[in-house]
There are 2 protein chains.
Amino acid sequence: MPSPTYKKIAIVGVGLIGASIGMAVRKRRLAKEVAGIGRRAASLAAAKKVGAVTVATTNLAKGVDGADLVVVCTPVDGIVEHVQAVASVLQGGTSVREGSTRSRREAYECGVLVTDVGSTKAEIVRQIDMAQRDSTWPANVRFIGSHPIAGNEKRGPKHGSADLFVERTVIITPTGDAKREDVRRVKQFWLALGAKVVTLSPAEHDMAVAAVSHLPHLLASAIAGATPARYVGFSGSGWLDTTRIASGDPALWRQILLANRNNVLDALKTFDEQWNEFRKALEAADATALERLLAQAKQIRDAHAGHQATDA
Amino acid sequence: MPSPTYKKIAIVGVGLIGASIGMAVRKRRLAKEVAGIGRRAASLAAAKKVGAVTVATTNLAKGVDGADLVVVCTPVDGIVEHVQAVASVLQGGTSVREGSTRSRREAYECGVLVTDVGSTKAEIVRQIDMAQRDSTWPANVRFIGSHPIAGNEKRGPKHGSADLFVERTVIITPTGDAKREDVRRVKQFWLALGAKVVTLSPAEHDMAVAAVSHLPHLLASAIAGATPARYVGFSGSGWLDTTRIASGDPALWRQILLANRNNVLDALKTFDEQWNEFRKALEAADATALERLLAQAKQIRDAHAGHQATDA
C-alpha cells in the first residue's frame with residue numbers, strides 16, 4: 001500500500017504520544033503540515049523543538065482549520081469534550097479554505113477524520129457516537145476510536161519518538177455507524193506509522209486492556225507501594241521491571257482505571273483466584289503445586305515474550 | 001585497594017551466575033586458574049567456550065584441588081551439600097600441592113575460602129555453621145555466605161556476562177564464627193568484580209529479599225498466570241516488564257520460595273493489605289484514594305529507579 005498523504009494533520013495534546021505521532025508523521029513525510037494544539041505554551045514549544053509539529057497553537061479552531069485528520073491525544077477524561085470541540089469548530093466547512101485545490105464536494109466526501117489514542121474506548125465511543133447522531137454535528141466530521149499500545153511511563157514531548165509505533169499494535173474500534181472508507185483511512189494511517197492494526201469492538205477492547213494493561217498497572221503499583229522502605233535498597237532488576245509501570249502518572253492512571261472500572265474489577269477477580277492458588281501452595285509448602293503454577297505462568301509469559309518490541 | 005589475586009578459583013556449578021563469575025574473574029585477571037565443576041558435560045563445554053573457565057571437570061576433588069577460593073553456584077537446594085563435599089575433598093590439605101611456593105603454614109593461615117551465591121541465606125548458613133563446628137571439618141576450609149543481586153530470567157553459561165556484577169549489590173552474611181580476615185577477603189572478591197558489598201545477618205537478608213525479590217516473583221507469576229489466553233496478544237511493554245521474572249526457571253524458584261517460605265508469607269501479608277486498599281478504592285470508585293495510592297507507589301518506585309543498572 002502506498003503511504004497516505006494528508007494536507008494537514010492536527011494533533012490535539014502534544015504529550016509523549018501526541019508528539020510521537022507528529023514525529024512519526026514528519027519522519028515519513030505523510031503530511032505537508034502538522035499542527036500541534038495544546039493548553040501549555042511550554043509543551044507546545046517542546047513539541048516544536050523535537051520536530052513533532054510544523055505549527056503550534058493554543059487555539060483549537062486555528063489548529064484544526066484545514067486539517068483532513070485530527071488526532072486527539074489528551075488524557076482519557078478530556079477526549080469526548082475535545083472531539084466535540086473539534087466538531088464544533090469545524091462546523092460550517094472551515095476545513096475547506098479559499099484557494100484550496102479541492103472542490104467542496106471532494107472535501108465533503110473525504111471529510112475530516114477524527115481519531116484518538118485513549119486507553120479506554122467503550123464510554124468514549126458511546127458518547128461520541130451519540131453526539132454524532134445529533135443534527136448539530138457536521139456531516140463531514142467523523143470519529144473512529146484508536147488505541148495505540150505503545151508509550152511508556154515517561155511524560156512529555158521530549159520523550160517522544162518517531163518510531164514509537166513501529167511493530168506495536170494499534171486497536172481501532174469502529175462501530176456500526178462507521179463508513180468503510182473511514183475505517184480504511186484510520187487503519188492506513190497507523191500502518192503508515194509502522195504499527196500493526198487490530199479491529200475490536202469498544203467493549204472487547206476495554207476487556208482486553210483491563211486484563212493486559214490496567215490490572216497489571218494496579219498490581220505493579222501495589223507491589224511498589226507494599227515494599228518496606230528499609231528493604232527497597234536491596235532491590236534488583238526484577239523489582240525494577242515488575243514495578244516499572246507504577247512510575248506512570250497517577251492522575252492519568254486514576255482516570256483510566258475509573259473509566260474502565262467494571263472490566264478492571266472483573267480482571268481483578270480472575271487475578272485474585274490465581275493469587276489464592278499461589279498463596280495456598282506456599283502456605284501448604286506444596287512443592288508440586290507451586291512448581292506447576294510457576295511453570296504455567298512461565299509458559300504464558302514465554303509464549304508472548306517476543307511479540308512486542310521493548311520500549312523506544 | 002589493589003585487586004586481590006588468587007592462585008586458583010573453583011566454581012561449582014557453571015550456570016548463568018557461575019559462568020559470569022568466571023568471565024568476570026578472567027577479564028580482570030584475578031586468578032591464574034579458574035576451574036569449573038559441573039555435572040553436565042554440555043554446560044562445562046559451554047562455560048569453556050565463553051571463556052568462563054580455564055579448566056572444566058565433572059570431578060569435584062580435581063576441580064577444587066589447589067583452589068584458594070571456591071564459589072558454590074548451584075541451585076539453593078544443593079548448596080549445603082556441595083559446600084560439605086568441598087570441605088570433605090579438601091580435608092587433608094589437598095589445597096597445598098607439591099612444589100607450591102607457599103609453605104603449609106601460609107596455606108593454613110589463608111585457608112580455602114568458600115562462598116556461595118544462593119538467594120536465601122538463613123538455613124544454608126545455619127547448616128554450614130553447624131557442620132563447621134564438627135571435629136571432622138578441615139580447619140583451613142571456611143565458609144561465608146554471599147548473594148549477588150544480579151542475574152536475570154535466562155539460564156546457562158551462554159547468557160553469562162563478565163560485567164554482570166558491575167554496580168550490583170552483593171549481600172554477604174558472615175556470622176559470629178567468621179574470621180575478620182575471611183570477611184575482608186570475600187568482600188574484596190566481590191568488590192574486585194565491580195559490585196557494591198553490603199553486610200547483613202542471614203535472617204535480615206532473607207527478610208529483605210522476600211520483600212524485594214521473592215514476593216515480586218510470585219506476583220509476576222500470578223499476573224502472567226491470570227492473563228486470559230484470548231487477551232494476552234494485546235499486551236504491550238507494560239505487561240512484558242511486569243511479568244518478565246515469571247520467565248525464570250520454575251524448579252529454581254520453587255526451591256527459593258520454599259526455602260524462604262516464612263518470610264515470603266510475611267511479605268505476602270503486607271502486600272495483601274496494600275492490595276486490599278487498591279481494591280477498595282476501585283470498588284468504591286474513590287478517585288482521591290486511588291490517586292493517592294498510585295502517587296505513593298510512584299514515589300517509592302521513582303526513588304529507587306536509578307540505584308541499579310539494568311540487566312547486562
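Q: In strand 9 of chain A, which residue is the bridge partner of T169(A)?
A: Strands here are DSSP runs (E, at least two residues) and helices are runs of H or I, at least four residues, numbered from the N terminus. The partner of T169(A) in strand 9 of chain A is K196(A). This is a predicted model in which local features need pLDDT of at least 70 and side-chain atom pairs count only at pLDDT 80 or more, while totals for chains, interfaces and linings use all residues. Residues are numbered from 1 along each chain as its sequence is written, chains are lettered from A and ligands numbered from 1 in the order in which they are written, and side-chain values use heavy atoms, with hydrogens and water left out.

Q: In which sense does strand 8 of chain A pair with strand 9 of chain A, and in which with strand 7?
A: Two strands pair if DSSP finds at least two bridges between them. With strand 9 (residues 196–199), strand 8 pairs in the parallel sense over 4 bridges. With strand 7 (residues 146–148), the sense is antiparallel, over 3 bridges; H147(A) has I171(A) as its bridge partner there.

Q: Which way do the residues of strand 8 of chain A point?
A: T169(A) and I171(A) point one way, V170(A) and I172(A) the other way, and all are buried. Buried means under 20% relative accessible area, exposed over 50%, and partly exposed in between (1.4 Å probe, protein chains only).

Q: Why does T242(A) count as buried?
A: T242(A) counts as buried because its relative accessibility is 1%. This residue lies in helix 9 of chain A. Contact means heavy atoms within 4.5 Å; leaving out residues up to four places away in sequence, T242(A) touches A220(A) and I223(A), and from chain B P216(B), D241(B), T242(B) and I245(B). A polar atom of the T242(A) side chain also lies 2.6 Å from the backbone oxygen of G238(A).

Q: How much area is buried between chain A and chain B?
A: The size of an interface is often given as the accessible area lost when the parts come together. Buried area is that loss (1.4 Å probe), summed over both parts. Here the value is about 7,400 Å², with carbon and sulfur atoms giving 71%. In contact are 76 residues of chain A and 76 residues of chain B.

Q: How many salt bridges are there between chain A and chain B?
A: A salt bridge is a side-chain nitrogen of Lys or Arg within 4 Å of a carboxyl oxygen of Asp or Glu. The count is 6, and one of the pairs is R279(A) with D272(B), whose closest N and O atoms are 2.7 Å apart.

Technical notes. Buried area = accessible area lost by both parts, 1.4 Å probe. Polar contact = N/O pair within 3.5 Å; in protein donor to acceptor, adjacent residues only side chain to side chain.
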